[in-house]
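Trainee: Please take one part of this structure and go through it closely. I would like the details joined into a single picture.

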Amino acid sequence: MSEKHVGGGCLWPMWPHSATPNHEYCGKKRQDGQSYCTQHYARSIRNPEDLPETFVPRKIAA
Ligand SMILES: [Zn+2]
């Protein structure tokens, strides 16, 4: 009787920050113990402007 998946959907808001909240959420399967799916959990812990496409790791000069 696991309760992990009760209510089950990702709670990432789908409306823009500047818009009036319409309470539509992503709704994908959450990660265990998180309120977001894998994709949105990653988004939640990084700068919104730091898109993967623009992230270029730089070599650190020793
Ligand atoms: Zn999501």
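Mentor: Start with His40, which is buried at a relative accessible area of 6%. The cut-off for buried is under 20%, so His40 qualifies. Keep in mind that this is a predicted model. His40 sits in helix H1. Leave out its neighbours within four places in sequence, and His40 is in contact with Cys10, Trp12, Met14 and Cys26.

Now the metal. For reference, the ideal angle for four tetrahedral donors is 109.5 degrees.

Next, the chain. Take Cys26 and His40 as a pair: they link distant parts of the chain, 14 residues apart. Cys26 lies in the segment before helix H1 (38-44), while His40 is in the helix itself. Both Cys26 and His40 are buried.

Go back to the contacts of His40, which include Trp12. That residue leads to the aromatic rings. Rings pair if their centres lie within 6.5 Å. By this rule there are two aromatic pairs. One of them joins Trp12 and Tyr36: the ring centres are 5.3 Å apart and the planes stand at 75 degrees, so this pair is edge-to-face. Trp12 and Tyr36 are 24 residues apart, and the pair links distant parts of the chain. Both partners lie in the segment before H1. Tyr36 has a relative accessible area of 24%, so it is partly exposed.

Trp15 and Tyr25 also form an aromatic pair. Their centres are 5.4 Å apart, with 70 degrees between the planes, and the pair is edge-to-face. Trp15 and Tyr25 both lie in the segment before H1, so the pair ties together parts that are 10 residues apart in sequence. Trp15 counts as buried at 17% relative accessibility. Tyr25 is partly exposed at 39%.

Trp12 in turn pairs edge-to-face with Tyr36.

Technical notes
Residues numbered from 1 in each chain as written. Predicted model: local features only at pLDDT ≥ 70, side-chain atom pairs only at ≥ 80, totals over all residues. Heavy atoms only, no water. Helix = DSSP H or I, 4+ residues; strand = E, 2+ residues; numbered from the N terminus. Buried < 20%, exposed > 50% of the residue type's maximum accessible area, 1.4 Å probe, protein only. Contact = heavy atoms within 4.5 Å. Phe/Tyr/Trp six-rings, centres within 6.5 Å; stacked < 30°, edge-to-face > 60°.
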